[in-house]
Amino acid sequence: MLSIKDQKYLKNKFNDIYSVIKSSNELYVNEIIQLINNYNKKNKFKSNLKVTEKTTLVISYGNSITDGNVKSLKAFNKFFKKYLDNSFNTIHFLPFYPSSSDSGFAVKDHYKIDPRLGSWSNINNISKNASIMADLVINHSSARGLWFSNFLKNKSPGKDYFFTVDKKFNSSKVIRPREHKLLKKIKLFDKNRYLWRTFSPDQIDLNFQNPKVLMRFIKIILNLISHGVKIFRLDAIAYLWKQNGTSCINHQKTHNIIKLIRAICDLLKTKTIIITETNLPEKENLSYFGNNDESNWVYNFSLPPLLVYSLLFEDSSKITKWSMSLPNTKKGNNYLNFIASHDGIGMRPVEGILEKNKQKKLLKRLEANGSEFSYRKIHGKGKKVYEANITLFNAFKKSDFDKNGKFYFERYFAAHTIMMSFEGIPAIYFNSIFGNSNDNSKFIISGNKRDLNRYRWNKTKLENHLKDKNSKQYKFYKKMTLLIKIRKNQKAFHPDAPRKTLNLGKNFFGIKRTSVDKKQSIVCITNITSDKQTIVLNKDILKGKNLLGEKIQVNGKNIELLPFQTIWLKKIY
């Protein structure tokens, strides 16, 4: 049973959100308390979810790999056990619910698994060998789902679930992530109303001013936990709460909702982790840590565009300056580091970090490498690039310094070694493991720019590639899994191990990680140019053993690194 103190805390958090309707708040809070008590009664022993240097995520769709008529989650599990189990202990499955569009993010039913993927038993089976991270698609729901159908009929569940406004609502300050028309005029119960559609005409925003919507998602979280999910990605959470005349992003009520969800999860006997997906300028993104009472993890959204820029233009000045200013996380909070995902390379996170002329230069280079671009609408100012849609392979294929692509492989893994050595937890997109190039065929057919980086593999075809030591897929897979194998056995790469950025000049990027117990340190240095570079290091650093195994040319205090070479110099105290 929850203590009086815990019950009071939940009540206060709920009242922070719904201060206007306090008369019914006690009923909702009592329901939350009962849900927690019932869950804990059924789960008497507190489960463990340890976050260590061994914590490494693979990001995948439920059907990133297919095998004829075999349900794709079952096919994934077989492939994972054979090829990825030794490298990854956590799987982020992108939305596996029945959906009407956006590759799963227009959810029709949060309580079901898309039958083409499999069933809840598949998720349960996979969770026995790996931690499962799942999307809580919380901001919006499908226009073709049961909730919206009931909303139009004034029936439950769905009654008053979706956010509508009248013509008096001032939306002039709203910050947009897309370029389509935000509001859709409809006739609702003989009144003209406007549906709010942040992401697409098929994704209608939910009305969290109705506490029943929040209660519904609390129950969805408990349902997911009961099926083996322990990590929750709060999709598009920044756009949750809308208020007349405001930007309708990062509202304090949104932060309060996350605090309540975090409090509920912390009171369960199943250890869980909350991660917020907020593809925003860095200061806004980091605000979702709260005071260690909101998100456990936040995506390190600035890292991908800065890594790509630095390696394509062979200049570490910006990423070094950024890393020096980026705060170390507190215990219990972590950065989730990634370079690629199902989305594109976001440009909002480098606002205020990369000057406009440098952003323009980056976009021009990416376009030459095969990128498409998605845009967002800015009120009264037209549109602006929101993200670059391109695979990592294509992004690093050629540069202004390497127009023939001689060093594409080296650039690719320089980015991954930096990402893996950075403070936090590494997450690697399934297709990046095998060096996938742009899926132009699918893009031409679908017209969806993000489909360039959403290739679905046939299991037999991929396995045949991995049996061929001369294949591109084998070479990328072997290099990636070797890096992970080395990394996961170093205490200095624990997510809580502090990071110190080294200022080594524009030709190098360097950081030093020190284990929490201070018994191990690793100095990580990457030559980010396509030329051999010599760097002067003190003798204390040079005494370290290079974990990456490659021979280093040492002459006194001078060390010579090949184009895009990385060294991890380990020292035991």
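**Close-up views of a predicted model**

**Figure 1. Lys259 and Asp293 form a salt bridge whose closest N and O atoms are 3.9 Å apart.** Lys259 belongs to helix 7 (residues 252–266) and Asp293 to the loop between helix 8 (282–286) and strand 12 (297–299), so the pair ties together parts that are 34 residues apart in sequence. Here a salt bridge is a side-chain nitrogen of Lys or Arg within 4 Å of a carboxyl oxygen of Asp or Glu; helices (H or I, at least four residues) and strands (E, at least two) are DSSP runs, numbered from the N terminus. Both Lys259 and Asp293 are buried; buried means under 20% relative accessible area, exposed over 50% and partly exposed in between (1.4 Å probe, protein chains only). The model is predicted: local features need pLDDT of at least 70, side-chain atom pairs count only at pLDDT 80 or more, and totals for chains, interfaces and linings use all residues. Residues are numbered from 1 along each chain as its sequence is written, and side-chain values use heavy atoms, with hydrogens and water left out.

**Figure 2. Lys13 is a buried residue without a salt bridge.** Lys13 is placed in helix 1 (residues 4–17). The nearest side chain of opposite charge, that of Asp16, is 4.0 Å away. Not counting residues up to four places away in sequence, Lys13 touches Lys259 and Leu260, where contact means heavy atoms within 4.5 Å. Lys259, shown in Figure 1, is the partner of Asp293.

**Figure 3. Arg365 and Asp400 meet in a salt bridge at 2.8 Å, N to O.** Arg365 lies in helix 11 (residues 356–368) and Asp400 in the loop between helix 12 (392–395) and helix 13 (408–421), so the pair ties together parts that are 35 residues apart in sequence. With a relative accessible area of 12%, Arg365 is buried, whereas Asp400 is partly exposed at 38%. Elsewhere, salt bridges that share partners join Asp135, Arg233, Asp235 and Glu277 into one network. A further salt bridge pairs Glu355 with Lys358, the closest N and O atoms being 3.9 Å apart. Glu355 is partly exposed at 34% relative accessibility, and Lys358 is partly exposed at 21%. The count of salt bridges comes to 22.

**Figure 4. Thr55 is buried in the loop between helix 2 (22–42) and strand 1 (57–60).** Its relative accessibility is 4%. Leaving aside neighbours within four places in sequence, Thr55 is in contact with Lys50, Asn89, Thr90, Ile425, Pro426 and Arg487. The C-alpha atoms of Thr55 and Pro495 are separated by 8.5 Å, although these residues are 440 apart along the chain.

Figure 5. The C-alpha atoms of Leu502 and Lys321, which are 181 residues apart along the chain, are separated by 9.8 Å.

**Figure 6. Backbone geometry at Phe189, Asp190 and Pro157.** Most residues other than glycine have a negative phi, and most peptide bonds are trans. Phe189, in the loop between strand 7 (183–188) and strand 8 (191–196), has a positive phi near 55 degrees. Asp190, in the loop between strand 7 and strand 8, also has a positive phi, about 70 degrees. Phe189 is partly exposed, with a relative accessible area of 44%, while Asp190 is exposed at 71%. The peptide bond from Ser156 to Pro157 is cis, with omega near -5 degrees; Pro157 lies in the loop between helix 5 (146–153) and strand 6 (164–165).

Figure 7. Along its principal axes the C-alpha trace spans about 80 × 50 × 50 Å. Of the 573 residues, 60% count as buried. Among contacts with a separation of 6 or more, 70% are between residues 24 or more positions apart.

Notes:
Lys and Arg count as positive and Asp and Glu as negative; His and the chain ends are not counted.
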